[in-house]
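Happy to walk through this one with you.

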Amino acid sequence: MTVLLRTMFNCTFAIFSACLLFHTVNAVSIDAYSQASVSPYDLGQTETVKDYHIQAGSNYIRYKPTYNREREQYGYNPRYMPEAVTFDKHNRPFIINTVYQQPNNPNNPTSTAWHGHAKPTSNNLEDVYIQTLNADNSQWVKYSVNEIVKQIFPDAALYGGTKNRPQLFFDYENNAHIVIRGEGNTSYYLYSDDTNLTDKSGLNQVHWQVAKIKGIKSAGIERNFSPGQDHNLPIIALAPKKNKHIDILKPIIDSQGLKTDSKGNLDLSNRVTVYNAENATPSNQPGDPGFALGHSGGANVLGTYNGNTIAVFFNKDNQYVNQDGIVQNLGTGQFASTYDWNNNHITSPTYLENTYSNLVNDNKPDSHNAPAVLIDSTGYAHVITGAHNDKMGHFRSTKAIDDSSWISQFDDLGDISSHDLGSGRGGFTYIAAVMDQNDKIHMVVRDTEYKNGKQRYSLAYLSAKKNAQGSWDWDDEGTTLIEPAHLPYSNYYHQLNIDNKGNLYLSYSYLARNMNSTEYAAYLEKYPDAEIDLAHDPVMLASYDSGSNWRLVTTDKFIKQMDIIPEPSAAACTTLLISCLAFVRNRKK
């Protein structure tokens, strides 16, 4: 038995060594390693003193006064820094957050003077952290993205402006993909197939591969936000320096890992220009297409079903002639185009509608008016058209987007708005949208609602269910989640995600501008070392009942939703033994 065990060990070591040699010889220039360290936000503190149930439109959170918020009202003190969260196949949470300063409040380490996307300049970013729980779920740990990237590109500088939204995606094999923006029209792609990141987090070093994406302004990864999406390799939206075209990219990953050139630049063989305005007739095609990859909301601009990717974008030109020959010279044109990866076929952009911006000149296109896309369980695409303090729209493809007979047509399912827009400037901005397994749409937006003749910038939750006629009914009344006391401009830098069980997770961080003297004094008292006009004290809410109730997320709530990672079975051990013995026999030959 001892000889057998020794043989198994030697065999396993030999296989591991051979595989490692094979892997690193072919990708040595882009290999990096990172060891997790204890998160600076996890001091083992009590995370909340009141498990409050929040209901949109009734028991919602009221900031009164302006800086009496979740930490003050409910004792909120999370052991993690709330920001965009993603889940692996075991429903383990991974939170990727931008770091502008180390914790300076020993009693509440996530109450920071500088946070997240609120920083107005790009040269103050310290790092980006990947936060997750360690293997036994007793401690939050973090991996430094700066450390990983600089192992390959020592001169790399991560972008720290307000539109920096690092994005993390897990494919169906549970491999991690990250896209993060750098300075100087550069982004970075991080890839890891190492189970030390997911199954054994915090115990061992994690192997990564890092590549550079050059010559683009920003990039955005398609995330698992709806039930019909493919979950294999992610598709990347590229916003080039030259803004007259929009591109998508499928990275090449083979047995040796991430494919790059000799300088570590990501292989762009699978880069596709979805639409190029320079090759179009300006009168009947969008003259200046754009993706909005950094705004609040952070919804998907790409959706892929059975190898067909739909891209949704807006027109930055101020004039467009639609298919009926009518000049559309107000607002922002909304478009969709599709690429079939299997047959290398691109559809021309389909015009959906023009949307508007009640707080700006409607003759000018507005980058706030960015559309979003979801794929339902039958492969139909749903496009939510963007607006700026105005009504939004809902369009659905007439057939599944992989149907060869589909000619890029959409049904207009109507407007999304709970306001009488003719009487004021109330409306919605910043789409954050996901769809659950029942094809119910969940959306969070900023809502410039009017109450008693006064305008407030609230955070609102809306939803839409499929009805018996095959359309979707929107519940857009009584939607408030957060209501500030502050009347002038507010923003939340919100993002919405959904886990493998259909639970909803909303992260946000509140920003107030144009403060009066009382508010400004309270601001300086609470954040004496902060620059003005910054967001602070980020929060994460979750709904475990399809949006009916929302609760502050504490670590135990994450753990409760996680799957138990199975230990290797006897059958698996037998398979390993047989493989080892076969390997030994072959070596003797």
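This is a predicted model: local features need pLDDT of at least 70, side-chain atom pairs count only at pLDDT 80 or more; totals for chains, interfaces and linings use all residues.

Q: Why is Asp-376 called buried?
A: Buried means under 20% relative accessible area, exposed means over 50%, and partly exposed is in between (1.4 Å probe, protein chains only). Asp-376 has a relative accessible area of 1%, so the residue is buried.

Q: What makes Asp-376 and Arg-396 a salt bridge?
A: The label asks for a side-chain nitrogen of Lys or Arg within 4 Å of a carboxyl oxygen of Asp or Glu. The side chains of Arg-396 and Asp-376 meet at 3.4 Å, N to O, so the pair passes that test. The pair links distant parts of the chain, 20 residues apart: Arg-396 is in strand β29 (residues 392-397), and Asp-376 is in the loop between β26 (372-375) and β27 (381-385). Helices (H or I, at least four residues) and strands (E, at least two) are DSSP runs numbered from the N terminus.

Q: Is Arg-396 buried or exposed?
A: Arg-396 counts as buried, because its relative accessibility is 13%.

Q: How many salt bridges does the structure hold, and what does the pair Asp-42 and Arg-79 tie together?
A: There are 11 salt bridges. One of them joins the side chains of Asp-42 and Arg-79 at 2.8 Å, N to O. Asp-42 lies in the loop between β2 (37-38) and β3 (61-63) and Arg-79 in the loop between α2 (70-74) and β4 (85-87), so the bridge ties together parts 37 residues apart in sequence. Both residues are buried.

Q: What makes the link between Lys-391 and Asp-415 a polar contact?
A: A polar contact is a pair of N or O atoms within 3.5 Å; within protein, one must be able to donate a hydrogen and the other to accept it, and residues adjacent in sequence count only if both atoms are side-chain atoms. The side chains of Lys-391 and Asp-415 are joined at 3.2 Å, so the distance meets the cut-off. Lys-391 lies in the loop between β28 (388-390) and β29, and counts as partly exposed at 33% relative accessibility.

Q: How do you know that Thr-479 is buried, and which residues is Thr-479 in contact with?
A: Thr-479 has a relative accessible area of 4%, so the residue is buried. Thr-479 lies in the loop between β34 (472-475) and β35 (480-484). Contact means heavy atoms within 4.5 Å. Leaving aside neighbours within four places in sequence, Thr-479 is in contact with residues including Ala-56, Gly-57, Asp-447 and Tyr-461.

Key
Residues are numbered from 1 along each chain as its sequence is written. Side-chain values use heavy atoms; hydrogens and water are left out.
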